[in-house]
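Please read them with the structure open beside you.

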Amino acid sequence: MSSKLSEVEIVKDASNYLRGSIVESLGNRVTGALNHDDTHLIKFHGSYQQTDRDLDSERKLQKLEPLYSFMIRVRVPGGVASPAQWQRLDALADAYANGTLKLTTRQTFQLHGVLKRHLRPTFQGFNEVLMDSIAGCGDVNRNVMCNTNPHESAVHAEVYAAAVAISAHLTPRTTAYWELWLNGEQQPTAEVVDDEPIYGKTYLPRKFKIALAVPPYNDADIFSNDIGLIAIEENGRLLGYNVAVGGGLGMTFGLPETYPRLADLIGFVPAADVVDLCEKVVTIQRDWGNRENRKLSRLKYTIDRVGLPAFQAELHQRLGYALAPARPYRFQTSADAFGWSGDATGLSHLTLFVEGGRVLDRPGYTLKTALREIAGFHTGEFRLTGNQNVILANIEPAHRPRIQAVLEAHGIWPGTVRQTALRQNALACVALNTCSQAFAEAERYLPQLLDKLDVVIRAHGLADAGILVRMTGCPNGCARPYLGEIGLVGRAIGRYNLYLGANHTGERLNKLYREMLDEDGILRELTPLLAAYAAQREPQEAFGDFVVRQGYVAATTHGQNFHA
Amino acid sequence: MNQLPLTLPLPAGFDEAALRQLSTGLNAQQLVWLSGYFYGQAAGATVANGAPSATARGLVPSAEKLTILYGSHTGNGKKVAQQAAEAARSRGLTAEVRDLNDYATRQLAQEQNLLLIVSTHGEGDPPVAAEELHRFVLGPRAPQLPKLQFAVLALGDKSYLHFCQTGKEFDQRLAELGGQRLVARVDCDVDYHDAATSWIAAALDKITASTPAAAVSANATVAASPAALTTPAITRTNPWSARVLETIQLNGRGSSKETYHIELNLAGSGLHYAPGDALAVLPVNEDSLVEEVLRAARLSDTASVTLGNESRPLAAVLASRRELTVLTRDVVERYAALTPHAELHALLADTSRLQPYLYGRDVADLLTDFPTDQLTAQVLAETLRPLPSRAYSIASSLLVHPDEVHLTVGALRYDAHGRRKHGVCSSYLADQISVGDTARVFVETNEYFKLPANPAADIIMVGAGTGVAPFRAFVEERVELGATGRNWLLFGNPHFTTDFLYQAEWLRHLQKGGLAKLDVAFSRDQAEKIYVQDRLLEHSREVFAWLEGGAQFYVCGDKKRLGGAVQTALTEVVRREAGLSAEEATSYVRDLKKQRRYLEDVY
């Protein structure tokens, strides 16, 4: 074994299929933290150890350790949850987390602020409604995203089924999750005969992401994934998928060899072979990915290191056949379509804007309570979108007025539908106070920035222009900032880099426009651009295309020229 | 009597013939005089040489034997006993000071002059040290004591119902057994110093009056106390004004507790303390309470009050000289004498009603409930108790924090009878003083609650809430000294995230070996309440193994909630692990206490 392997590789190798000393860590009552090595391993179980960064220095003075707690990310393939599952998560948020649910940019739920001693009851709560958090995080395939087309076309149903099948196939096989969280104290007595036929005992070099889209909707932002799959249909029948590989948005400030990158389209795979295709791509990354420097471990760097042709050749070799050429397709948008819609079956769907993806109650706006009430009678599903919103899908005709009434009673309707399109399309990662990566605020600050931008937007008659604004507290890309027509990436408290020029369909990255802006700087830079856009845009021209056409920024044509 | 008792070993440099030569022809009185004379010389030599001379002490014959016995949880009993011995020496008397813990009951029948200083605890119980003699004297095997002259000084706290109960019992019983009282028993409240001093003087006067040696004991000059040669001692009457260096709220946000870590400056005071000692703080009543009392009393803040030979305005006297926050029976008794309120007299006559009345009420409540026109500023000041100091177990090691003393103070606040109430000293420390201010303090040594003399001995420390304070000092000290004995802390409080006092320090000690084991119980973090005593039972095998290996066991915290429960748990640990009967286990634990291996600092 090479001595240059990263620390995490060594921890994984010694972990006995992700067990490590987690049992001991959980039993240690004198700290809210896990043993250091276990903090790597618990990610594979869907959880990050975090601290309340607002309190770090205060508690240090108080001679208390940081207030450790855990974020738990549930695995929800395609973002589809039943009302019973919604109710359970709502209750778990109150019982063990901070009383809110975060709807993520990967169509999952996150609970925040769960104390160590509440991890087991929380996991058990998931299990009772047939949910889990296996591979919610960690160096494995994460939650599989899928277009949330609520209209339940036959094609969509098949694509969703494929997402579920891919998720199931690539879920780690280790029994550690059940043993640690669901059987309580049971400890492995002998060498456990776990086997990971796909991953092996050190799993992948880094996280791995897969998303499926049904054109013309790219709400899953498939090009930001390691594998992006574009459903190709013909006469209402699913033929298969165009395959794109090597997407990923994370980068590190000051390391130009790191960069966001969109996936390359490499061909077409028949529907029946899509799970196998995913497995083969995963195994190439398993074998070829960089295990020494985690900043260069994602599939995108593997591909750029060996070259796309070499990667494709290896893939063909492992598949036993060459992929057919990609089929034509066209995306219209990566945004959500808000409001009520209906379909031919008589069922209705409601896409609700959830600011920052945060389901909470606050005075005059009791979204969490409203959705809990709705979950009490709704017979359809709750579908989480990749844009941190929720669709109440397949609403019975009789329930439509009832849902409308609940939303009005709780101050949700019509407030949320009167927002500017700018706000409705905005994404923000969690950042402070819990994310250890954050350099700056995101979710907690973006609404205030938008209050000020809304004034500019309205002044220029752009209230309905769905400009994509995305803010993150660090450059790792959770809210896909490099696919924002306006991307704001935190550099320091109150300071952001401003990126411009992504397109509206998630097919072109943006580019750095200004660095280290404070709020005044952001408003000072954006105000004239928005004014120019209002005055000079061409019909249907999106803001990202406008700034490129006007030469404010150069188009980024590939991740490798993102920094150029 | 013209021969030295043969039982006395002869010190080096003496032989029997030489001594006989020295004493030939002297009568008993003259011999006693000489003994006092030589002792006085020896005492002077002790001061000069800086070390006591066993030789000199061994020479002293006892004509009129005086034994001073003390028994108390804190060091107060010992302090009074030593003060009495010092006073006896200055009168030419020789006195033997004995800790009741080490006193064989059968010796009692041999005593001629006995001064007994004993405290009372809990529900009128004797201190552990006095348990055996107490049982013996009050029991059927107690001998008749016709030769005995005795005096009892009872230490106690008037705020307790069974005030000085143990002292009263000893006093009554010794008389029943034929003993003659030298002087009447004196019952001391928390502020015992003056009463104890006059009791000592009166008792010694009585002894010397009936003892010929007294006639020749004019050489008081040789009996200089070593303490008199040092700088003026920092005491209750001469406290140190310590500057506040730091005050930190230790509880995290959202806690129902309010605990302060307070660091005080001792530089220049000459004060020393050892882990286990307490720091007494002279508090000041908060302005709002003083105003409340003045309003209820319908007296002016500037009304003059004479205390001793000084005159001060009433408000100042109430603020810093009189107990206002705690209402006690003695205050109610004195107050009732001023007023004909039938209800008040009825309360006093019925303990079962008086106790609930006193609970949660303060002086302002009493004055409001039973107003009277008979009150003057002077009468009010004389009715109320002196404001006693409050002692806090010291939370720091002087070795680790030179010139500093740290306290862990829980702010006591509650609503009762229509007003927000505050513990006088905790709120003084929490609310009234901040960094840069000074607080008046002095050290109260705690004779027993000390680290083992043997640094290789293991210690088990059980602390709840602010009871963790002395253990911070213990561990700091043992780490600093490189003591090889293992340290095990068991700590309890309501919530892990907010109430784990000094958590970061304990984790560091645990990591570096300063703590061998750390166990915690957070009572409110789960449906069922879990306390430190439950952790003791959980770890019963190890607890017992440590005890069998000679470990010392310390408990610090709330007397009512912690003290008894830990003892019960430890007894169960012993019963379970040693396979003993409940009775045998109880006796095992009692022996631990007797051996001073089970030590409590409970309050």
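1. I begin with A:Leu315, which is placed in helix H11 of chain A, a helix that covers residues 308–319. This is a predicted model, and the remarks below should be read with that in mind.

2. Is A:Leu315 buried or exposed? A:Leu315 counts as buried because it has 21 C-beta neighbours inside 10 Å, the cut-off for a buried residue being 20 or more. Leaving aside residues up to four places away in sequence, A:Leu315 touches A:Lys280, A:Val281 and A:Ile284. As for A:Lys368, it stands 53 residues from A:Leu315 in sequence, and the C-alpha atoms of the two are 46 Å apart in space.

3. On the division of chain A, the assignment gives domain 1 as residues 139–334, domain 2 as 339–409 and domain 3 as 421–561. Between the C-alpha centres of domain 1 of chain A and domain 2 of chain A the distance is 30 Å. To the contact of these two domains, domain 1 of chain A contributes 8 residues and domain 2 of chain A contributes 9 residues. On the side of domain 1 of chain A that touches domain 2 of chain A, the residues comprise 3 nonpolar, 2 polar and 3 charged.

4. Turning to the contact between the chains, 14 residues come from chain A and 17 residues from chain B. The side of chain A that touches chain B is made up, by class, of 6 nonpolar, 3 polar and 5 charged residues.

5. Strand E8 of chain B, residues 259–265, pairs with E13(B) in the antiparallel sense over 7 bridges. Within E13(B), B:Leu407 is the residue that stands opposite B:Ile262.

6. How do two helices of chain B pack, and at what angle? Helix H21 (residues 540–548) of chain B and helix H22 (residues 559–578) of chain B pack at about 90°, and their axes are 9 Å apart. H21(B) and H22(B) are therefore roughly perpendicular to each other, since angles of 65 to 115 degrees are counted in that way.

7. As to the residues that make this helix contact, B:Ser540, B:Arg541, B:Val543 and B:Phe544 of H21(B) meet B:Val573, B:Val574, B:Arg576, B:Glu577 and B:Ala578 of H22(B). By class, the contact of H21(B) with H22(B) holds 5 nonpolar, 1 polar and 3 charged residues.

Methods:
Residues numbered from 1 in each chain as written. Chains lettered and ligands numbered in written order. Predicted model: local features only at pLDDT ≥ 70, side-chain atom pairs only at ≥ 80, totals over all residues. Domains from an automatic or database assignment. Contact = placed C-beta atoms within 7 Å. Nonpolar A, V, L, I, M, F, W, Y, C, P; charged D, E, K, R; others polar. Helix = DSSP H or I, 4+ residues; strand = E, 2+ residues; numbered from the N terminus. Buried ≥ 20, exposed ≤ 12 C-beta atoms within 10 Å, placed from the backbone. Axes fitted to C-alpha atoms, helices over the stretch in contact; angles between N-to-C directions. Parallel < 35°, antiparallel > 145°, perpendicular 65-115°, else oblique. Pairing = 2+ DSSP bridges.
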